[in-house]
Amino acid sequence: MKQSDVKGYIEIFIQGEGIPKITLVSVHLKDTVADLIKVARDHGLSTPEGPEVFVFIENTATPLALDAKIDEVGLIPRSRVHIHCCKRVEVTVNFNADQLKGFFPPSATVAWIKKWVVGKDGFGMSDVDATEHLLQVCHSTDRPDEDVHIGTLVKASDSAICFDLVAKQRVEG
């Protein structure tokens with residue numbers, strides 16, 4: 001029987017530095033957020049030990065208190081969290097000859113970044129044009145899925161990521 005089947009446990013999806021793939025873990029509702037970090041270390045979390053590790057609910061900017069209980073911070077079964085050493089990531093996006101810069105929590109998804117960059121505060125693309133483009137990591141062919149947290153793409157020592165907004169490959173028939 002899985003721990004998540006036992007009363008008092010909850011399954012949570014985690015991502016973080018050293019955990020690029022979405023990973024499902026089980027923690028007790030009375031565990032603290034700091035205990036969740038320990039569980040994440042067992043799954044590859046590579047942040048240094050110490051108080052400068054932050055846990056974010058996906059697409060939120062405020063880290064959770066480390067001493068708070070899991071059942072007190074608003075997590076529900078299969079919530080998605082991100083664990084990282086930096087509170088914000090500098091994001092640069094290039095499109096044609098233009099460039100945008102912004103700051104996001106490491107829990108921000110690629111979808112959130114794309115929505116910002118194609119929207120009225122970004123390059124102001126139409127909905128049709130926006131659907132024909134995606135984000136690609138600069139100087140690479142890596143096109144992360146929209147549910148990837150940007151914190152998985154950066155090292156704490158760098159805390160910056162650059163994307164190019166590129167057209168999706170079109171197949172002409």
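1. Serine 107 is buried, with a relative accessible area of 0%. The model is predicted, and the remarks below apply to it as such. Serine 107 sits in the loop that links β6 to α2 (110-118).

2. What does the side chain of serine 107 have beside it? A polar atom of this side chain lies 2.8 Å from the backbone oxygen of threonine 60. Leaving aside neighbours within four places in sequence, serine 107 is in contact with Phe56, Ile57, Glu58, Asn59 and Thr60, and also with His82 and His149.

3. On the overall fold: the protein has three helices and eight strands. Along the sequence these follow the pattern β-β-α-β-β-β-β-α-α-β-β. The C-alpha trace spans about 55 × 35 × 25 Å along its principal axes. Of the 173 residues, 42% count as buried. Taking contacts between residues at least 6 apart in sequence, 62% join residues at least 24 apart. The accessible surface comes to about 9500 Å², and 50% of this belongs to carbon and sulfur atoms.

4. Four of the strands form an open sheet in the order β6-β5-β8-β7, with mixed pairing. The edges are β6 and β7; each has a single partner strand, so one side of each is left without a neighbour in the sheet. On average, neighbouring strands of this sheet are turned by 30 degrees against each other, direction ignored.

5. At one end of that order, β5 (residues 89-95) and β6 (residues 98-104) run antiparallel and are joined by seven bridges. Glutamate 90 has phenylalanine 103 in β6 as its bridge partner. The two strands form a hairpin with two residues between them, and asparagine 96 in the turn has a positive phi of about 55 degrees.

6. At the other end, β7 and β8 also pair in the antiparallel sense, over five bridges. Histidine 133 stands opposite alanine 167 in β8. The helix α2 lies across β5, β6, β7 and β8 and runs at about 135 degrees to β6.

7. Which cysteines form a disulfide? Cysteine 138 and cysteine 162 do, with their sulfur atoms 2.1 Å apart; the count comes to one disulfide. The torsion about the S-S bond is about -55 degrees, so this disulfide is left-handed. Cysteine 138 lies in the loop between β7 (133-137) and β8 (160-167), whereas cysteine 162 lies in strand β8, so the pair ties together parts that are 24 residues apart in sequence. Cysteine 138 is buried, at 10% relative accessible area, while cysteine 162 is partly exposed, at 26%.

8. The closest cysteine sulfur to that of cysteine 86 is in turn the one in cysteine 85. Both residues fall under the 20% limit for buried: cysteine 85 has 18% relative accessibility and cysteine 86 has 9%.

Note on methods:
Residues numbered from 1 in each chain as written. Predicted model: local features only at pLDDT ≥ 70, side-chain atom pairs only at ≥ 80, totals over all residues. Heavy atoms only, no water. Pairing = 2+ DSSP bridges. Buried < 20%, exposed > 50% of the residue type's maximum accessible area, 1.4 Å probe, protein only. Polar contact = N/O pair within 3.5 Å; in protein donor to acceptor, adjacent residues only side chain to side chain. Contact = heavy atoms within 4.5 Å. Disulfide = S-S within 2.5 Å. Axes fitted to C-alpha atoms, helices over the stretch in contact; angles between N-to-C directions. Areas by Shrake-Rupley, 256 points an atom, 1.4 Å probe, with all protein chains shown as cover.
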